[in-house]
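User: I have a structure to go through and a few questions about its side-chain packing. Can you take them as they come?

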Amino acid sequence: MNNNNMSVSIVVQRFRECKLLIDELDYVTVGGGGENCCGILAYISFASSTTKVQIEQAAQTLLNLPILTTGLWGDGESSTKSILSLAAEVESSCSLVIVPQANLISKVKQMGKSIQYHGQINKEDGEQLYNYFNECIKGILLEEQCRINLQDLPEWYTKRKAHLQQNNNKQTHPSIPPNQLFKDETKYSEWNEDGFPTKDVEGNAISKSQMKKLKKIYDAHVKRHLKWKVDHPNGNEEDGALNEEQTKENVPKEVPQWDDSSLDTSFCYFVAGSFGKRQGLELSSDMGPFVHSFQV
């Protein structure tokens, strides 16, 4: 695939049944329930310029893409539907399988004799965005599942969502002091006197490649922060973000972990492939056209 402007690249394959190797250990099979069963296999890749906003847009787009039919394409009886619309139908069952495929971000040169992957995101950042993408997918599915079933969202989910949203806003607002930029306890466990992270949440030292990226983000934020102070000489450095007291009130100290048991597989069976591991895949499909692709 050759597109210098893409950040998130996705190729989707319609299937009747799909079998995917997870963690190089066991296969998970979804679908295979007859004519009323179908699903989407989505290959996804990120460019180095990918942002979380684009990840959120990609998740929404994938779930709203009207390309599924339970019958055969063009049979005159089956209309195309999205994952979300099909999941809401009691008489049908749908599945969504995500597989990370870094090589979707590539550039073919010399009439096919050379392929370059310079635009790909690095592995560490790619894994973070892949996990965030999957969480966005699960969050949309859970919210729609609760809406259809007239149920309240789980308390752990609303707390986790509030924490992540607040944390994203706090990190990006120019009023935030540079020494508070990386004070994210869901990602890091130790910081130096300047507020720069030295260890990740598991206590491992920050890698050189990650440190280089964080330094770039830090330097850019310092410039934005200095400009903000010039533009707001009387402004509070916490303007535009929750202050420390509000943060303690509205956001739990410990971020609730995602609870996969809240997702009903009969609503939509969601499977995320393993990042950075050997992949194995089998699928069957009898309702072409089989493949669509899009970029965000």
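User: Which residues form one aromatic cluster?
Analyst: Phe182, Tyr188, Phe196 and Tyr218 form one. Keep in mind that this is a predicted model.

User: How many aromatic pairs does the count come to?
Analyst: Seven. One of them joins Trp156 and Tyr157, edge-to-face, at 5.9 Å centre to centre and 85 degrees between the planes.

User: Are those two buried or exposed?
Analyst: Trp156 is buried, and Tyr157 is buried as well.

User: What about Trp156 and Trp258, which kind of pair is that?
Analyst: Edge-to-face, with 5.0 Å between the centres and 85 degrees between the planes. The two residues come from distant parts of the chain: Trp156 belongs to helix 4, while Trp258 is in the loop between helix 6 (244–250) and strand 10 (269–272), 102 residues apart.

User: Why does Trp258 count as buried?
Analyst: Because its relative accessible area is 15%, and buried means under 20%. Trp156 is also buried, at 16%.

User: Switching to charges over rings. Which ring does Lys19 lie over?
Analyst: Lys19 lies over the face of Tyr27, 5.0 Å from the ring centre. Another case is Lys52, whose charged end sits over the ring of Tyr132 at 4.8 Å from the centre.

User: And how many salt bridges does the structure hold?
Analyst: It holds 10. Among them is Arg16 with Asp286, at 2.8 Å from N to O. That pair links distant parts of the chain, 270 residues apart: Arg16 is in the loop between strand 1 and strand 2 (17–22), and Asp286 is in the loop between strand 11 (281–284) and strand 12 (291–295).

User: What does the salt bridge between Glu143 and Lys161 tie together?
Analyst: Their side chains meet at 2.7 Å, N to O. Glu143 lies in helix 3 and Lys161 in helix 4, so the pair ties together parts that are 18 residues apart in sequence. Glu143 is partly exposed at 28% relative accessibility, and Lys161 is partly exposed at 33%.

User: How far apart are the closest N and O atoms of Lys227 and Asp231?
Analyst: 2.9 Å, and the two form a salt bridge. They are separated by about one helical turn, because they sit four residues apart in helix 5 (residues 208–231). Lys227 counts as exposed at 53%, whereas Asp231 is partly exposed at 45%.

User: Now the core. How many residues has the largest nonpolar one?
Analyst: It has 43 residues, and those with the most contacts inside it are Leu62, Leu96, Phe133 and Leu141. Elements giving two or more residues to this core include strand 1 (8–15), strand 4 (37–46), helix 1 (52–64), strand 5 (93–100), helix 3 (123–148) and helix 4 (155–172). The largest share, 10 residues, is from helix 3.

User: What does Leu96 touch?
Analyst: Leaving out residues up to four places away in sequence, Leu96 touches Ile40, Leu62, Leu63, Ile83, Ile137, Cys268, Tyr269, Phe270 and Val271.

User: Which residues does the second core include?
Analyst: It is separate and has nine residues, among them Cys18, Ile22, Leu41 and Val97.

Conventions. Residues are numbered from 1 along each chain as its sequence is written. This is a predicted model: local features need pLDDT of at least 70, side-chain atom pairs count only at pLDDT 80 or more; totals for chains, interfaces and linings use all residues. Side-chain values use heavy atoms; hydrogens and water are left out. A nonpolar core is a set of buried Ala, Val, Leu, Ile, Met, Phe, Trp, Tyr and Cys residues joined through side-chain atoms within 4.5 Å. Buried means under 20% relative accessible area, exposed over 50%, partly exposed in between (1.4 Å probe, protein chains only). Contact means heavy atoms within 4.5 Å. Rings of Phe, Tyr and Trp (its six-membered ring) pair if their centres lie within 6.5 Å; planes under 30 degrees apart count as stacked, over 60 as edge-to-face and the rest as tilted. A charge sits over a ring if NZ of Lys or CZ of Arg is within 6 Å of the ring centre and within 35 degrees of the ring normal. A salt bridge is a side-chain nitrogen of Lys or Arg within 4 Å of a carboxyl oxygen of Asp or Glu.
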